[in-house]
Amino acid sequence: MSAVTAFLRERRITIAAYALCAVLFAIATIHSSGFASASNVRQLLVFASFVGFAALGQTLVVLAGGLDLSVPWLMAFGGIQLSSWAASGTSGVLGIVLVVLVGAAIGLLNGFGVAWLRVPPIVMTLAVGGLVEAYLMTIGQLKSSGNQVPQVAVDIATKRAGPIPVVALVWLGFAIAASILLSRTALGRRIYATGASEVVATLSGVNVRLVRLLTYVLSGAAAAFAGIVLSGYVGSTYLDIGAPYLFTSIAAVIIGGASILGGRGTYWGTVAGALTLTVLSAMLPLFNLSSADLEIVYGIVILLGVALSRFGAGALQLTRRSGAQDHNPDMEVGDAA
Amino acid sequence: MSASAAQAVAPRRGALVGRVKISWTGLTTATILIVLAVVDFILQPALLNLLQIGILMQTALPLVLVGAAQTLVVLVRGIDLSVGGIMVLANAATAVWVGERGGAHQLMIFLILGLAAAAGLLNGILVAVARFEPFVATLGTWTIFNGIALNILPTDGGTPPPSLISFTFGTTAGIPNSLIVLVVLLLAWRALRGSRLGTRIYAVGADEERARLNGTSIVGVKLFVYAAAGLLAGLAGVFLAGVTSSGTPTAGDPYILTSVAAVVIGGTSLAGGSGGIGLTMMAALALIFISDIISAINLETWVSVAASSGLLLIVVVARTLIDREIQRRRT
């Protein structure tokens with residue numbers, strides 16, 4: 001097997017996710033040529049980047065075998081806290097740095113609860129999200145007006161560098177950083193090992209707790225940043241601004257081919273997932289489909305995506321251990337499911 | 001995973017020996033509920049009246065029913081994010097399809113409940129037969145059911161049948177119907193729990209492999225559990241249509257995670273095999289009492305949100321730490 005086919009084989013799920021996205025984009029373009037116009041593509045990239053930022057931390061958390069339900073509240077926190085501090089005179093850049101750091105600290109709380117106190121991730125991140133929501137409600141009541149988003153955040157979200165939106169370049173930077181982190185560093189290998197099998201990872205000397213903790217810290221920071229950029233784009237902040245991203249951040253990870261149980265997936269896959277979700281939501285109005293229909297299509301894409309990626313992964317496993325048939329294949333599926 | 005499952009089996013075996021067992025978990029949940037109820041009754045003495053309690057139960061019933069649905073699924077080590085979707089599906093259908101039709105109300109509502117059970121069965125097929133991860137399968141069906149509900153009823157409105165509305169607000173022999181539904185649910189759960197099927201549900205949740213070796217049909221049990229969860233979520237949607245006298249196709253989402261919170265506060269283990277609907281009912285009522293207390297003393301909404309999340313966090317952390325301590329002393 002040549003290096004190229006091996007490369008493609010290893011990444012066939014990610015490639016399939018991009019192929020799905022490309023097919024959808026082609027269908028939309030054939031139907032209405034304006035879909036491929038520069039301005040529309042820019043728009044798509046901007047919307048997809050919001051999903052991409054929110055799903056960045058989610059990917060890391062899921063790869064290590066966890067789940068972060070606090071993402072939407074951390075996004076709301078990012079925008080609301082930033083404008084609240086800006087109203088009391090903090091400069092925009094300093095504000096962004098501080099908000100991202102506090103987001104990381106909230107992620108630390110999630111990680112501590114999951115890794116040290118052994119609270120199930122769903123419960124821990126749900127409770128922390130609720131506490132963040134309550135805190136944001138107190139800010140909202142203190143000041144009725146003045147949810148002015150600092151200009152820096154608006155610039156990041158709306159400015160362009162040549163033909164490309166700044167926010168898309170930032171996203172590309174994050175994606176490269178994430179893929180280096182995951183595939184070239186010790187921490188990346190440990191994240192996969194932790195997600196694949198906590199017991200095996202522990203036995204091979206991985207500090208599983210610390211790895212888990214770090215994924216939640218990064219998720220908190222990424223979600224806060226996502227909220228900052230999103231509120232910069234919208235131009236104002238409100239409590240429910242992150243609500244749609246609970247679903248899309250998880251859906252992007254799943255469509256990107258990651259296993260929700262951890263240990264398998266890439267951030268490039270999630271990028272494809274974010275692009276697919278965004279293209280879908282932009283193209284459905286062209287076919288006279290409502291937002292209600294979009295929800296149905298989202299669900300079908302998730303279920304089909306999982307079915308296909310599992311089919312692909314199963315085929316991959318079979319080719320790898322062709323000949324060694326000491327396992328009952330049925331049991332194998334059971335272990336994976 | 002298998003190590004924690006083995007640990008979880010030990011205390012449960014002990015619990016099954018005694019016919020009348022009072023678990024430590026049940027005791028803490030009951031204490032939380034009683035304390036909150038007493039505080040609420042002290043703050044609002046007027047509540048100590050069967051009709052007032054009935055009104056409180058009307059508010060509580062949708063969460064109790066969705067919580068019961070979630071409990072069944074969690075008992076077999078699953079999770080159901082689609083309960084919110086099935087709930088609004090039944091809710092929208094009740095508000096639109098039944099409408100002000102003549103005598104066929106009841107039949108139509110039974111059909112809607114059948115549809116809800118079929119929606120749950122679809123989850124069961126995806127999880128048990130196609131072997132999707134429960135979280136992923138129900139994430140997909142959640143948004144599909146939400147979309148169908150919005151197609152049936154695009155915005156709040158519609159007209160639930162008057163007989164349903166009068167039933168939800170009514171009384172039978174002086175007892176509020178909402179309270180009766182609650183008691184019937186509890187009795188049905190007791191009956192299920194005592195049956196062979198009930199034993200199998202716990203067996204599948206505790207250790208699927210061992211249950212399979214003992215001749216339990218894992219697929220059969222899971223199909224039943226997910227279909228029953230769909231039915232209960234549908235019932236919640238129908239009841240909500242009665243309580244609000246309207247259809248609310250976007251009302252389901254908040255119930256999804258709150259139902260998980262109620263399950264966990266109640267003491268049902270997300271690892272499956274231990275807990276029950278009774279515990280979740282107590283926890284759901286406790287959450288309702290919290291928001292009732294907060295509004296009684298005119299505190300802001302955020303206090304209620306913080307109190308619910310805080311309760312979830314404290315209860316879970318306390319239980320985890322105490323369980324670990326017990327485990328350590330045993331070994």
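What share of the contacts in chain B with a separation of 6 or more comes from residues 24 or more positions apart? The figure is 79%. Welcome to this predicted model, in which 33 residues of chain A are in contact with 34 residues of chain B. Here is a short tour, beginning with chain B as a whole.

**Chain B overall**

- Chain B is built from 14 helices and two strands.
- Its radius of gyration is 20 Å, close to the 20 Å that the globule rule gives for 331 residues, so chain B is as compact as a globular protein of that length.
- Taken along the principal axes, the C-alpha atoms of chain B fill a box of roughly 65 × 50 × 35 Å.
- Of the 331 residues in chain B, 50% are buried.

**A helix to look at: H5 of chain B**

- Helix H5 of chain B runs over residues 105–129 and has 25 residues.
- From its first C-alpha to its last, H5(B) reaches 35 Å, close to the 36 Å expected at 1.5 Å a residue.
- Just after H5(B) you will find Arg131(B), which takes a positive phi of about 60 degrees.

**Around Val66 of chain B**

- Val66(B) is found in helix H3 of chain B, which covers residues 50–75.
- Is Val66(B) buried or exposed? Val66(B) is buried, because 32 other C-beta atoms lie within 10 Å and 20 or more are enough to count as buried.
- Not counting residues up to four places away in sequence, Val66(B) touches Val83(B), Met87(B), Ala233(B), Ala236(B), Tyr255(B) and Ser259(B).
- Gly84(B) is 18 residues from Val66(B) along the chain, and the C-alpha atoms of the two are separated by 8.0 Å.

**The nonpolar core**

- The largest nonpolar core has 207 residues.
- Those with the most contacts inside this core are Val229(A), Leu89(B) and Ala286(B).
- Ala286(B) is in contact with Ile32(B), Leu33(B), Leu36(B) and Ile265(B), leaving aside its neighbours within four places in sequence.

**Where the two chains meet**

- The contact between the chains involves 33 residues of chain A and 34 residues of chain B.
- On the side of chain A that touches chain B, the elements giving two or more residues are helix H6 (121–142), helix H12 (244–255) and helix H14 (291–320) of chain A.
- H6(A) gives the most to this side, with eleven residues.
- By residue type, this side of chain A divides into 25 nonpolar, four polar and four charged residues.

Conventions: Residues numbered from 1 in each chain as written. Chains lettered and ligands numbered in written order. Predicted model: local features only at pLDDT ≥ 70, side-chain atom pairs only at ≥ 80, totals over all residues. Helix = DSSP H or I, 4+ residues; strand = E, 2+ residues; numbered from the N terminus. Buried ≥ 20, exposed ≤ 12 C-beta atoms within 10 Å, placed from the backbone. Contact = placed C-beta atoms within 7 Å. Nonpolar A, V, L, I, M, F, W, Y, C, P; charged D, E, K, R; others polar. Core = buried A, V, L, I, M, F, W, Y, C linked by C-beta atoms within 7 Å. Expected span 1.5 Å × (residues − 1). Rg over C-alpha atoms; globule rule 2.2 N^0.38 Å.
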